[in-house]
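Here are my notes on this one, as numbered points. Have the model open while you read.

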Amino acid sequence: MTATFASAPGGMPLPQGPSGAVLGAAGLRVCFVTPHAGHLLAVDDVSLSVPAGRMLGIVGESGSGKTTVARCLAGLLRPDSGEIVLSGEVLTGRRSPAQRRAVQLVFQDPYASLNPRLRVGTVLRELLAEHGIARGEAAEARCRQLMTLVGLGEAALGGYPSAFSGGQRQRIAIARALAVEPAVLVADEPVSSLDVSVQATILALFAELRDRLGLAVVMISHNLAAVRNVCDDVAVMYLGRIVEQGSREAVFGDPRHPYTRALLAAAPRLRPGSEPVAARLAGEPPSATSRPAGCAFHPRCPRAEARCAVEEPRLLPVTPAAAPAATGASAEVASDPVAHPALAAHPAHAAACHFRDERPREDRPREDRP
Ligand SMILES: Nc1ncnc2c1ncn2[C@@H]1O[C@H](COP(=O)(O)OP(=O)(O)OP(=O)(O)O)[C@@H](O)[C@H]1O
Ligand SMILES: [Mg+2]
């Protein structure tokens, strides 16, 4: 299940796990029952897959369901329906210890996620012993390897969390996640509490670990520029649903959904001089307790018209530029008939909003070209 680490040239551990180690989700749905607001559909019909050695970025405004998806993937929350599949196994009921080890969460706040009373080395040694990975001298060697992997010196093993900066603490939190030899890291805004100057170095560390260890990484972030820099694939969430998903090149270079375009247009570092968010993305996202009928984005969509309040766009594959848009049931997102659907590669797809622009990029209005 998990990638097993073995000694490799330079003393670095490398994964020896199954090359197909992958996390997939199909049709995830999470509904919270709240005392005041009633039923809140936080995640609705979310499907995604993350192959080994790739990083999937999940973006979307606050409340769009990103953390809820992350908690489901990491086994902290059981979805009301849908399936999560890890390396070909459907994860039902309580996860086995090996399944829990295989998917590790890295949290936003490294200050809160580390026990201030334990030295870094103590935390790591305890984890290695608890999971039967290494004891004694082997554990010491493994601790030193982990520090090297995350870019900290061996001396860090003797320190308490309070002795480290925010960026260093996040490196320690990543080392702790790596100690149990996971196949997947799920990182929920892992740099948003850090100083801007260190954010890029931590993101680069995730990319390095993906490449070096062949990890599958789910990277949740509000920062589109960061996602564009490090992620291979991107899923855009709006009010609990994925409205567009595809390779980084497809989503950033040729966004189809008006919401994706608005998000990109509102990201200042992607488009220097672009208008502020409020001018582009009018209003707040609606509450998940009262999802608008039709297209959930229509109350804020600059192009909405009467039919948008009635018709609910389905996800359809993105056709290559200039080819006609696919429509009809036969054009539903293709799934691999052999593998479990949750493990099928998800071709680029976007909600079939009738404003999906299938014209070649250069023929579109300038404001629609990110
Ligand atoms: N335990 C819970 N009980 C009730 N509602 C919840 C719970 N957890 C999340 N929600 C609601 O579910 C929706 C999705 O929340 P979630 O935290 O997944 O969003 P998010 O995209 O991670 O937002 P942010 O970017 O602010 O972190 C929100 O409306 C949120 O208020
Ligand atoms: Mg969140």
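1. Terms first: helices (H or I, at least four residues) and strands (E, at least two) are DSSP runs, numbered from the N terminus, and two strands pair if DSSP finds at least two bridges between them. With that in hand, β3 and β4 make a hairpin with three residues between them. Their pairing is antiparallel and runs over 11 bridges. For a landmark, take Leu23, whose bridge partner in β4 is Val50.

2. Some housekeeping. This is a predicted model, where local features need pLDDT of at least 70 and side-chain atom pairs count only at pLDDT 80 or more, while totals for chains, interfaces and linings use all residues. Residues are numbered from 1 along each chain as its sequence is written, and chains are lettered from A and ligands numbered from 1 in the order in which they are written.

3. On to ligand 1. A residue is near a molecule if its C-beta atom, placed from the backbone, lies within 6 Å of it. There are 13 residues around ligand 1, and Phe32, Ala42, Ser62, Thr67 and Thr68 come nearest. Which element gives the most to the shell? That is α1, with three residues.

4. What is the shell around ligand 1 like by class? It has four nonpolar, eight polar and one charged residues. (Nonpolar covers Ala, Val, Leu, Ile, Met, Phe, Trp, Tyr, Cys and Pro; charged covers Asp, Glu, Lys and Arg; the others, Gly among them, are polar.)

5. Now α5 and α6. Helix α5 (residues 136-149) packs on helix α6 (residues 166-179) at about 130°, with the axes 9 Å apart. (Axes are lines fitted to C-alpha atoms, for helices over the stretch in contact, and angles run from 0 to 180 degrees between N-to-C directions.) That makes α5 oblique to α6; under 35 degrees counts as roughly parallel, over 145 as roughly antiparallel, 65 to 115 as roughly perpendicular and the rest as oblique. Leu146, Met147 and Leu149 of α5 make the contact with Ala175, Leu178 and Ala179 of α6 (C-beta atoms, placed from the backbone, within 7 Å). By class, that is six nonpolar, no polar and no charged.

6. Finally, α4 (residues 120-130) and α6 have axes that come within 9 Å and cross at roughly 15°, and are therefore roughly parallel to each other. From α4, Val120, Val123, Leu124, Leu127 and Leu128 meet Ile172, Ala175, Arg176 and Ala179 in α6. This contact has eight nonpolar, no polar and one charged residues.

Notes: Contact = placed C-beta atoms within 7 Å.
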